[in-house]
Amino acid sequence: HRGPGEDEDVDSLCANGRRLAMMGNAQAAEVYFQRALQMEPTHIKTLGGYAALLHEQGDHHNAQIMYESALRQAKRSALSPRTLAAAVDTLSNMGRLLKDVVHDQDRAERMFRRALQLDRSHADALTGYAELLYSGRGDVAKAAKLLDRALQIDPKHAAALVAKAWMQQTTSFNKQQLEQDYQDILSMYPNHSGALCNFGLYMHSIKGNLARAEQLYRRALQADPRHLNALTNYAALAQLQGKHEEAENLYLRALEVYPEQVDVLNNYGMLLHTVMEDYDKAEELYQKALQVDPEQVDTLLSYAQLLKQVRGDTARANQLLRRAAALQNKIDRSA
């Protein structure tokens, strides 16, 4: 392909950026996207493509800014078929970022619903919305219907196949069939980090095959070194195997990418508190987790345990325990 200085057509620059991003050449892709936006700062397809690249690289803050810019521009524009497709892709990708990173389920749902209003056959949006309904809303039936629609549209859609396998893994399932499903997915997509991670968790927590689980987690992290669940599941496995320093390194890697991820803060705090006896650092992590989410029951219980057993602060410990009990009762009533 020609260099960006040799090609002054914005559509070609954008296409080259997208192609390079798909090939994994993020640095070169960024050059093309930036050049395209210098020429046309409101180019929806470039804004969406550049946002997706930043999202993939873990630059979630700037990815969100770029997605929002693309969506603002799409609202102002008369959408041609080409820009409509770019807008729908952006809505779907923004929904995923809001769901997985920002944890704003309501806004994520609005993004997916809007994408599907514009294109009812958009497999990525169908899959993302199904994942939200299943994990965030507990609506198994509707999630299953959306995944079936996505797979009718594209029977080899990787994310939909993985999401369907995950639903089976976390509800009633046939072990033999589930293993075959993962093997089939990985025969088509051998480097799919989500499939590798979920299959690793199955081997780890259900089959008890820790060596196979470790192999799958390692492969997931080779495919995507920022994969949050692979990092945290592998950390839990390492901790189970008594490899505490390795577990700590994995938690630190996760926090580099997701510094305010409450479960990571809590689980790393528990490792420091209950195993490595670094009580000061553990307390810092518990406090940060509760700053991010004051209603995190697991962290309230963990911090109460530290306060009572290590600090001897029974009054504060009991206060946290009462908060945890009230929140758990509220969760149970709404379930």
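Ser193 lies in helix H11 of this predicted model. With a relative accessibility of 14%, Ser193 counts as buried, because the limit for that class is under 20%. Leaving aside residues up to four places away in sequence, Ser193 touches Ala220, Ala223, Asp224 and His227.

**Aromatic pairs**

Helix H11, which spans residues 193–207, also holds Phe199 and Tyr202. These two residues are three positions apart, about one turn of the helix. How are their rings arranged? The ring centres of Phe199 and Tyr202 are 6.1 Å apart and the planes stand at 25°, so the pair is stacked. Phe199 and Tyr202 are both buried.

A second pair is formed by Tyr217 and Tyr234, with 6.0 Å from centre to centre and 35° between the planes, and this pair is tilted. Tyr217 belongs to helix H12 (residues 210–223) and Tyr234 to helix H13 (residues 228–240), so the pair ties together parts that are 17 residues apart in sequence. Tyr217 is buried, as is Tyr234.

Phe199 and Tyr202 also belong to a cluster: ring pairs link them with Tyr182. The model has seven aromatic pairs in total, with ring centres within 6.5 Å as the limit.

**Helix packing**

| Helix pair | Axis distance | Crossing angle |
|---|---|---|
| H7 (residues 123–137) and H8 (residues 140–153) | within 8 Å | roughly 160° |
| H17 (residues 297–311) and H18 (residues 314–334) | within 8 Å | roughly 160° |
| H15 (residues 262–276) and H17 | 10 Å | about 25° |

The axes of H7 and H8 come within 8 Å and cross at roughly 160°. That angle makes H7 roughly antiparallel to H8, because angles over 145 degrees count as such. The crossing of these two helices is left-handed. On the H7 side, the residues in contact are Ala123, Leu126, Thr127, Tyr129, Ala130, Leu133 and Tyr134, and they meet Val140, Lys142, Ala143, Leu146, Leu147, Arg149, Ala150 and Ile153 of H8. Sorted by class, this contact has twelve nonpolar, one polar and two charged residues.

H17 passes H18 in a left-handed crossing. Which residues make the contact? From H17 they are Val297, Leu300, Leu301, Tyr303, Ala304, Leu307 and Lys308; from H18 they are Arg316, Ala317, Leu320, Leu321, Arg323, Ala324, Leu327, Gln328 and Ile331. The contact of H17 with H18 is made up of twelve nonpolar, one polar and three charged residues.

H17 also packs against H15, at an angle of about 25° and with the axes 10 Å apart. Are H15 and H17 roughly parallel or antiparallel? They are roughly parallel, because angles under 35 degrees fall in that class. The crossing of H15 and H17 is left-handed. H15 contributes Val262, Asn266, Met270, His273 and Thr274 to the contact, while H17 contributes Asp298, Thr299, Ser302, Gln305, Leu306 and Val310. By class, the contact of H15 with H17 has four nonpolar, six polar and one charged residues.

Ile331, one of the H18 residues in contact with H17, is found in helix H18. Its relative accessible area is 42%, so Ile331 is partly exposed. Ile331 and His61 are 270 residues apart in sequence, and their C-alpha atoms are 30 Å apart in space.

Glu8 sits in the segment before helix H1 (10–22). Is Glu8 buried or partly exposed? At 39% relative accessibility, Glu8 counts as partly exposed, because this value lies between the limits of 20% and 50%. Not counting residues up to four places away in sequence, Glu8 touches Arg35 and Met39. The C-alpha atoms of Glu8 and Thr299 are separated by 54 Å, and the two residues are 291 residues apart along the chain. Thr299 is one of the H17 residues in the contact with H15.

Definitions and conventions. Residues numbered from 1 in each chain as written. Predicted model: local features only at pLDDT ≥ 70, side-chain atom pairs only at ≥ 80, totals over all residues. Heavy atoms only, no water. Axes fitted to C-alpha atoms, helices over the stretch in contact; angles between N-to-C directions. Helix = DSSP H or I, 4+ residues; strand = E, 2+ residues; numbered from the N terminus. Left-handed = near helix turned anticlockwise from the far one by under 90°. Contact = heavy atoms within 4.5 Å. Nonpolar A, V, L, I, M, F, W, Y, C, P; charged D, E, K, R; others polar. Phe/Tyr/Trp six-rings, centres within 6.5 Å; stacked < 30°, edge-to-face > 60°. Buried < 20%, exposed > 50% of the residue type's maximum accessible area, 1.4 Å probe, protein only. Parallel < 35°, antiparallel > 145°, perpendicular 65-115°, else oblique.
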